[in-house]
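Work through these exercises with the structure open beside you. Try each task before you read its solution.

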Amino acid sequence: MTTVSTREVHEGTRAYTSRSLRTYDAIVITASNRLAWRAPSALMLARYDELMGSAHLDVGPGTGWYLAHAEPSRTCDLTLLDINPAPLEAAASRVEAVTGTRPATVVANVLESLSPGQGTYDSISLNYVLHCLPGDWDAKAVALDHLIALMRPGGVLFGATILGSGVRHNLAGAGLMRLYNRLGIFHNTGDDPTGLGRVLDSRFADVDLEQVGAVALFRARSPRN
């Protein structure tokens, strides 16, 4: 298993500043998801609408686009977690503007142990996070272990990740893959659907994994530990 340093994780998130996040929705939510990764954002949003529970933890919230558009956000107890304060501020402000309630925020590295004192959750989303984490699937799966500890009985973990191996990329996707991996924003050249299924199946008894374009969408319940 690849050992991942905190420095590597921080370096991968440096691109997400308050300034760059102003163009995130146009570049990622609108253009890249549909044209490069071939998985429309509506697919991920549908997972939020379906699976968000009364107490929800969103890891790596980006600009908060999904949370701002998901109907359950208006009634659930919402917490945001990211190693970078900039997305936390952007997402929390956006959700507050829509729902009238400001979510709790936690600055933390999901590859390090998370404090059990921050609470437990009915649902946890890990949307477009795994392809940003350094290391192989076993190194990335440490994040799953830390999040499992925060899941309530009957809870669900769901999300999506862009695959780099074992999947066909179009010209736009291949170009963005090379660029983002060179810049250290992505770390997914070896991320294949089989490996993702393996780390999920080894940790959860109930796993649903679907591939759309270059994106794997997953839903997992019933931790094995």
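**Exercise 1.** Which residues is Asp-191 in contact with, leaving aside its neighbours within four places in sequence?

*Solution.* Bear in mind that this is a predicted model. Start with the place: Asp-191 lies in the loop between α8 (171-183) and α9. Next, list the partners. Asp-191 contacts Leu-130, His-131, Trp-137, Lys-140, Leu-163, Gly-164 and Ser-165. The relative accessible area of Asp-191 is 2%. Buried means under 20%, so Asp-191 is buried.

**Exercise 2.** Find the buried residues of helix α9 (residues 193-201), then say what covers them.

*Solution.* Step one is the list: Gly-195, Leu-196, Gly-197, Val-199 and Leu-200 are the buried residues of α9. Step two is the cover. It includes α6, α7 (142-148), β5, β6 (204-212) and β7. An α-helix has 3.6 residues a turn, so residues three or four places apart point the same way.

**Exercise 3.** Describe strand β5 (residues 151-162): how many of its residues are buried, and how does it run against β4 and β7?

*Solution.* Count first. In β5, 9 of the 12 residues are buried, and the strand is mostly covered. Now take the β4 side. β4 and β5 run parallel and are joined by 6 bridges. Then take the β7 side. Strand β7 (residues 215-223) runs antiparallel to β5, with 7 bridges between them. Finish with Phe-158 in β5. Ser-125 stands opposite Phe-158. In β7, Arg-219 is the bridge partner of Phe-158.

**Exercise 4.** Which residues touch the most other members of the largest nonpolar core?

*Solution.* The core has 72 residues. Trp-37, Val-59, Ile-124 and Leu-147 touch the most other members. Now look around Val-59. Setting aside neighbours within four places in sequence, Val-59 is in contact with Leu-81, Val-110, Ile-124, Ser-125, Leu-126, Asn-127, Val-129 and Leu-147.

**Exercise 5.** Classify the ring pair of Tyr-48 and Tyr-66, and then that of Trp-65 and Tyr-66.

*Solution.* The structure holds 6 aromatic pairs. Take Tyr-48 and Tyr-66 to begin. Their ring centres are 5.5 Å apart and their planes are at 5°, so this pair is stacked. The cut-off for stacked is under 30 degrees. Now place the two residues. Tyr-48 lies in helix α3 and Tyr-66 in helix α4 (residues 65-69), so the pair ties together parts that are 18 residues apart in sequence. Tyr-48 is buried, at 2% relative accessible area. Tyr-66 is buried too, at 8%.

Go on to Trp-65 and Tyr-66. The centres are 5.0 Å apart and the planes are at 90°, so this pair is edge-to-face. Both Trp-65 and Tyr-66 are buried.

**Exercise 6.** Compare Arg-38 and Tyr-128: what is the phi of each, and is each one buried or partly exposed?

*Solution.* Recall the background. Most residues other than glycine have a negative phi. Now read the angles. Phi of Arg-38 is near 60°, a positive value. Phi of Tyr-128 is near 60° as well, and positive. Locate each residue. Arg-38 sits in the loop between α2 (24-36) and α3 (41-51). Tyr-128 sits in the loop between β4 (121-127) and α6 (137-140). Arg-38 has a relative accessible area of 23%, so it is partly exposed. Tyr-128 has 10%, so it is buried.

**Exercise 7.** Where is Gly-213, and what does it touch beyond four places in sequence?

*Solution.* Gly-213 is in the loop between β6 and β7. Its relative accessibility is 23%, so Gly-213 counts as partly exposed. Gly-213 touches Trp-37, Arg-38 and Val-167. Then use a distance. From C-alpha to C-alpha, Gly-213 and Asn-170 are 9.4 Å apart in space, yet 43 residues apart in sequence.

**Exercise 8.** How many disulfides are there?

*Solution.* Use the cut-off: the two cysteine sulfur atoms must be within 2.5 Å. The count comes to 0 disulfides. Now check the exposure of two cysteines. Cys-76 is buried at 13% relative accessibility, and Cys-132 is buried at 17%.

Technical notes
Residues numbered from 1 in each chain as written. Predicted model: local features only at pLDDT ≥ 70, side-chain atom pairs only at ≥ 80, totals over all residues. Heavy atoms only, no water. Helix = DSSP H or I, 4+ residues; strand = E, 2+ residues; numbered from the N terminus. Buried < 20%, exposed > 50% of the residue type's maximum accessible area, 1.4 Å probe, protein only. Pairing = 2+ DSSP bridges. Contact = heavy atoms within 4.5 Å. Core = buried A, V, L, I, M, F, W, Y, C linked by side-chain atoms within 4.5 Å. Phe/Tyr/Trp six-rings, centres within 6.5 Å; stacked < 30°, edge-to-face > 60°.
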